[in-house]
Amino acid sequence: MKTHFIAIGGSAMHNLAIALKDKGYHVTGSDDAIFEPSKSRLEKKGILPGEMGWFPEKITSDIDAVILGMHAHQDNPELAKAKELGLKIYSYPEFLYEQSKNKTRVVIAGSHGKTTITSMILHVLNFHQKEVDFMVGAQLEGFDCMVKLSEENDFMVLEGDEYLSSPIDLRSKFLLYQPNIALLSGIAWDHINVFKTFDDYVDQFRKFVASITAGGVLVYNEEDAEVVKVVESAENYFRKIPYKTPEYEIVNGKVHLKTEMGDVPLSVFGAHNLLNLEGARHICHTLGIMDEDFYEAIMSFKGASKRLERVEREDNGTLYKDFAHAPSKVKAAVKAFCEQFKNEKKYGFLELHTYSSLNPVFLEQYDHAMDGLDEAIVFYSEDALKIKRMEPISPELIKEKFKNENLKVFTNAEELHAYWNTLDKSEGVYLMMSSGNFGGLDLTK
């Protein structure tokens with residue numbers, strides 16, 4: 001099969017391209033910019049574009065599938081050529097469905113926790129040498145690629161994202177998967193640039209639940225009121241399995257899960273991760289993994305990449321980075337950090353740089369998000385606001401919305417870095433929350 005990727009360099013797209021290459025497909029692609037690690041990984045597989053840019057001449061009538069990434073625009077010249085030739089154009093999730101339509105599809109959805117839960121499931125299956133196809137949004141220990149596709153595997157585990165499918169397909173990605181088994185971890189308003197109201201956002205999850213195949217299974221977080229409402233209002237037939245935070249205790253800085261089989265020591269911490277673990281356990285049970293085997297495997301799970309991930313520093317200081325930037329994720333990460341390091345001085349840094357997080361209306365969702373930290377710091381770039389053509393935001397407004405008068409607010413990367421350099425990293429513990437890089441801050445030094 002001959003495939004061409006428009007915007008091959010994206011974190012999701014390049015993994016799919018590699019998975020198809022490994023499956024034996026003929027893969028080509030284009031992009032106007034490709035960064036690391038995508039660049040090196042594509043080059044290693046021999047599918048890195050020879051030069052950057054869009055080249056309509058690459059689009060030929062013998063291409064079986066054109067896969068369109070979100071980075072591309074509607075007026076992309078390669079897209080125009082593909083339409084002109086009448087080629088089949090897929091969004092990323094649409095193509096994944098095509099690859100898995102004859103398999104049992106397991107889809108993990110929710111505003112928060114979906115990457116970690118998917119990662120936990122894959123870790124357990126890999127530990128017990130159970131082969132499945134998959135797509136997950138983070139690099140995992142023991143896995144070469146974030147996507148695996150095969151002809152022989154019976155199951156496919158998919159991380160289900162509610163964001164848009166492609167520039168020409170404005171459906172939420174997870175609406176294309178038609179799950180046989182699904183999980184819903186939580187609902188908290190996000191992507192305000194696309195979903196203008198909370199109800200519009202919640203409606204995507206109503207549609208997701210409605211897309212579960214007849215007689216399927218839904219594992220859901222019964223501690224989330226919005227999730228419960230969505231599940232109770234569903235009219236289609238499926239089996240409902242609720243889950244909640246299990247009992248645990250922290251002994252000498254290590255979390256121990258309380259189970260019928262005794263205490264299970266874990267390598268992760270935080271109540272939200274224990275909740276994620278419980279959801280993953282139920283999904284694994286539907287896949288034939290017994291509890292004893294699940295606990296045996298989960299003890300060695302160290303977390304998904306950039307999710308409360310320990311950073312090795314030259315001075316051996318205690319620093320964790322977390323992909324958290326949406327309000328619910330920030331609150332969960334801060335709560336976990338404060339619980340884990342009760343007796344340490346706790347520094348928390350948050351970078352705001354998404355459209356939602358820089359919207360004055362949406363900022364109200366961050367109320368008390370940094371409470372419990374000894375030093376709370378928020379950084380956003382005034383230049384980023386200009387680039388996004390957004391209205392200026394004052395540090396005073398940030399403090400007001402966070403309901404935290406002691407918040408330190410930086411709007412200039414150089415000033416943030418200067419403050420960072422005054423801190424003795426060998427004293428206290430540090431939580432760095434961002435899907436960016438704090439204006440180029442090196443967290444290892």
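The model is predicted, so local features need pLDDT of at least 70 and side-chain atom pairs count only at pLDDT 80 or more, while totals for chains, interfaces and linings use all residues. Residues are numbered from 1 along each chain as its sequence is written, and side-chain values use heavy atoms, with hydrogens and water left out.

Helices (H or I, at least four residues) and strands (E, at least two) are DSSP runs, numbered from the N terminus. Two strands are taken to pair if DSSP finds at least two bridges between them. Six strands, in the order β17-β18-β22-β19-β20-β21, make up an open sheet with mixed pairing. At its edges are β17 (309-310) and β21 (408-410), each of which pairs on one side only. Strands of a sheet pair through backbone hydrogen bonds, either parallel or antiparallel.

Both senses can be followed from β18. With β17, this strand runs antiparallel and is joined by two bridges; here E309 has K321 of β18 as its bridge partner. With β22, β18 pairs in the parallel sense over five bridges, and L319 stands opposite Y430 in β22.

Helix α10 (residues 327-340) lies across β18 (318-322), β19 and β22, at about 170 degrees to β22. Helix α13 (residues 413-422) lies across β18, β19, β20 (375-379), β21 and β22, at about 155 degrees to β20. Axes are lines fitted to C-alpha atoms, for helices over the stretch in contact, and angles run from 0 to 180 degrees between N-to-C directions.

Another pairing involves helix α8 (residues 271-286) and helix α9 (residues 291-298), which pack at an angle of about 135 degrees with their axes 10 Å apart. In contact (heavy atoms within 4.5 Å), L277, A280, R281, C284 and H285 of α8 meet D291, F294, Y295 and I298 of α9.

Finally, the cysteines: C284 counts as buried because its relative accessibility is 0%. C338 is buried too, at 15% relative accessible area. The structure holds zero disulfides (pairs of cysteine sulfur atoms within 2.5 Å).

Definitions and conventions: Buried means under 20% relative accessible area, exposed over 50%, partly exposed in between (1.4 Å probe, protein chains only).
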